[in-house]
Amino acid sequence: MEPLSDGFFGLDGGAMFGVVPRVLWRQKNPPDANNRILLALRPLLIRTGDAVVVVDTGVGDKYGPKFNEMFNVDHRVGLRQSLADHGVEPEAVTHVVLTHLHFDHAGGATRLDPAGRPVPTFPNARHLVQEQEWHDATHPNRRTRGSYREDDFRPLQAAGLVELIDGDVEPLPGIRLVRTGGHTRGHQIVLVESSKQFDVYWADLVPTTTHLNVPYIMGYDLYPLETMDCKEAMLGRAADEGWTCWFEHDPAVAAARVAREGDRFAVEKAIHAVPQGENDD
Ligand SMILES: [Zn+2]
């Protein structure tokens with residue numbers, strides 16, 4: 001498991017912590033003048049056998065200055081550069097797992113060609129998406145519309161690269177996709193088992209280490225009670241079995257071992273800390 005980077009961005013702190021008051025989260029997550037907190041865009045690279053798997057794709061670079069300003073996008077390192085740093089060409093990627101189709105997870109799955117048309121970033125990859133998520137992204141309602149952008153995923157379908165899955169599947173030996181619901185009905189997380197360790201990529205089930213506190217649930221979540229139950233159960237297993245936990249949006253801690261702390265969970269040991277100072281906004 002290798003952490004990739006599509007840079008950083010900012011979302012409203014209130015929306016990131018739902019009903020939890022600002023006084024409780026602002027110290028660990030200092031908001032800017034527009035109340036946005038710094039978040040990482042951290043896809044994951046898994047190389048196993050002949051497969052090269054990218055999990056989530058960040059926000060991508062299709063959306064221009066207005067979007068980038070609104071979400072405070074910092075793309076000094078983008079996903080393609082990050083992959084190149086790991087010696088991976090986009091054509092070599094065999095699988096892309098999309099935990100869900102929100103723009104900060106699926107945005108980098110397409111890019112603009114020289115004519116300005118969105119095309120797949122990874123032209124040889126099977127893109128694994130939950131069928132429920134595909135349905136909901138292609139039939140958005142007034143609440144969900146702002147999070148889905150067709151240019152992120154329709155070109156994948158047009159190129160025949162989308163593989164819809166239903167529920168929990170093991171697309172490659174040792175890699176399990178588990179549908180959690182909560183954030184969206186079709187949201188999935190990734191469990192990776194090797195002889196040495198057990199890893200979990202939480203995606204938006206536990207987006208940052210601050211969300212290890214069970215009732216800290218994003219205002220974006222469509223089914224927050226489902227998130228809470230699933231999070232509590234899965235974090236319990238992670239703590240008891242010593243899983244390595246990967247946090248997609250935590251700006252400082254990429255991966256950590258977690259432990260029970262009363263009725264909540266906390267970082268026991270950070271495994272991958274992120275060099276700070278990459279973001280000086
Ligand atoms: Zn997200």
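A: Helices (H or I, at least four residues) and strands (E, at least two) are here DSSP runs, numbered from the N terminus. On that basis the chain holds eight helices and 17 strands. Its radius of gyration, taken over C-alpha atoms, is 17 Å, close to the 19 Å that the globule rule (2.2 Å times the number of residues to the power 0.38) gives for 281 residues, so the chain is as compact as a globular protein of that length. The model is predicted: local features need pLDDT of at least 70, side-chain atom pairs count only at pLDDT 80 or more, and totals for chains, interfaces and linings use all residues. Residues are numbered from 1 along each chain as its sequence is written.

The C-alpha trace of the chain spans about 55 × 45 × 40 Å along its principal axes. Contacts (C-beta atoms, placed from the backbone, within 7 Å) between residues at least 6 apart in sequence join residues at least 24 apart in 67% of cases.

Turning to the sheet, six strands make up an open sheet of mixed pairing, in the order β1-β4-β5-β6-β9-β10; two strands pair if DSSP finds at least two bridges between them. At its edges lie β1 (2-3) and β10 (162-165), each of which pairs on one side only. Four bridges join β10 to β9 (residues 126-130) in the parallel sense, and L128 has E163 in β10 as its bridge partner. Helix α6 (residues 131-138) packs on the sheet and touches both β9 and β10. The direction of α6 makes about 85 degrees with that of β9, where axes are lines fitted to C-alpha atoms, for helices over the stretch in contact, and angles run from 0 to 180 degrees between N-to-C directions.

Leaving aside neighbours within four places in sequence, Y201 contacts L44, V55, I189, V190 and W246.

C230, in helix α8 (residues 224-241), counts as buried because it has 21 C-beta neighbours inside 10 Å. Not counting residues up to four places away in sequence, C230 touches T180, G181, G182 and L205.

Key:
Contact = placed C-beta atoms within 7 Å. Buried ≥ 20, exposed ≤ 12 C-beta atoms within 10 Å, placed from the backbone.
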